[in-house]
Amino acid sequence: MSEYPWAIEVEDLTVAYGDEPVLWDIDVRVPAGKIMAIVGPNGAGKSTLLKAIMGVVKPVAGEVRIFGKPFDPRRREIAYVPQRANLDWDFPATVLDVVLMGTYGKLGWFRRPGRQEHKAAREALRQVGMQGLETRPIAQLSGGQQQRVLLARALVQDARIFLLDEPFQGVDAPTEKAIISVLRRLKEEGKTVVVVHHDLATVPEYFDWVLLLNVQVIASGSVEEVFTSEFLRRTYGGRVGTVVAEDE
């Protein structure tokens with residue numbers, strides 16, 4: 001029996017804060033084994049869509065399926081990397097402490113991380129280029145280092161789907177290169193990666209699937225098919241410059 005083709009299916013999804021719809025009648029399918037960008041202007045509902053997929057935000061209507069089944073957090077199929085700016089980096093913890101937090105879901109609250117978990121955490125730090133900094137307090141990290149630690153915390157969860165909210169925002173060039181290298185390796189392993197992304201210029205280089213979102217779905221599909229000037233103008237209300245070549 002072949003692998004189910006869709007990692008994520010969102011059907012008729014509407015999310016509202018009060019009387020104001022943040023997402024309206026969203027239909028989107030994410031193929032398994034792809035790296036997908038979610039692109040759109042501020043207030044388009046990009047971060048909310050990630051939270052709705054995980055069940056953190058309750059929709060007014062619609063449903064989300066993960067590999068053809070209703071989302072169940074107990075299956076631990078999704079790892080989430082939140083926006084770095086939303087976290088408290090003054091919390092008294094070391095780099096290794098934070099990465100080990102990614103193992104708590106499998107261990108439960110009554111077991112402490114053991115040798116296997118420490119090994120996995122150190123390997124994840126190596127993958128993101130943070131080896132040797134395990135004992136550094138997180139308050140002493142640069143923005144790029146913080147982002148790498150968050151990615152390492154997600155890696156130890158060994159999930160099938162990775163959701164990242166603006167992982168390239170405000171990081172230096174070496175960190176951006178390190179992150180995209182890890183994401184490509186996840187794809188090679190058959191994982192599915194979904195990234196809220198703001199830099200239109202790097203979409204064709206970094207991603208093979210894209211969702212153009214502005215409260216409603218403007219377009220969704222392969223980068224070659226839907227990342228066009230016309231769809232971008234519709235997404236950004238005509239305020240976007242020429243960032244992709246016109247179709248020949």
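How many cavities of 30 Å³ or more does the count come to? The count comes to one. The legends below describe a predicted model, in which local features need pLDDT of at least 70, side-chain atom pairs count only at pLDDT 80 or more, and totals for chains, interfaces and linings use all residues. Residues are numbered from 1 along each chain as its sequence is written, and side-chain values use heavy atoms, with hydrogens and water left out.

**View 1. The largest cavity and its lining.** A cavity is a set of points, on a 1 Å grid over the protein atoms alone, where a 1.4 Å probe fits but cannot get out; lining residues have an atom within 4 Å of a point. Grid points are joined across faces, edges and corners, and the volume is the space filled by probe spheres set on the points. The largest cavity has a volume of about 30 Å³. Its lining consists of Val 10, Val 28, Val 30, Met 36, Ile 38, Leu 49, Ile 53 and Val 194. At least two lining residues come from each of strand E2 (20-31), strand E3 (35-39) and helix H1 (46-54); helices (H or I, at least four residues) and strands (E, at least two) are DSSP runs, numbered from the N terminus.

**View 2. The aromatic cluster of Phe 168, Tyr 206 and Phe 207.** Rings of Phe, Tyr and Trp (its six-membered ring) pair if their centres lie within 6.5 Å; planes under 30 degrees apart count as stacked, over 60 as edge-to-face and the rest as tilted. The whole structure holds two aromatic pairs by this search. Phe 168 and Tyr 206 form a tilted pair, 5.4 Å centre to centre with 40° between the planes. This pair links distant parts of the chain, 38 residues apart: Phe 168 is in the loop between strand E7 (161-165) and helix H6 (173-188), and Tyr 206 is in helix H7 (residues 203-206). Tyr 206 also forms an edge-to-face pair with Phe 207, at 6.3 Å centre to centre and 65° between the planes. Tyr 206 is buried at 10%, and Phe 207 at 5%.

**View 3. The surroundings of Thr 103.** Thr 103 lies in the loop between helix H2 (95-100) and helix H3 (104-107). Thr 103 is buried, with a relative accessible area of 7%. Its side chain reaches the backbone oxygen of Leu 100 at 2.6 Å. Leaving aside residues up to four places away in sequence, Thr 103 touches Pro 113, Glu 117 and Val 156, where contact means heavy atoms within 4.5 Å.

Note on methods. Buried means under 20% relative accessible area, exposed over 50%, partly exposed in between (1.4 Å probe, protein chains only). A polar contact is a pair of N or O atoms within 3.5 Å; within protein, one must be able to donate a hydrogen and the other to accept it, and residues adjacent in sequence count only if both atoms are side-chain atoms. On a 1 Å grid over the protein atoms alone, a cavity is a set of points where a 1.4 Å probe fits but cannot get out, and a pocket is an open set with protein on both sides within 12 Å along at least five of seven lines; lining residues have an atom within 4 Å of a point.
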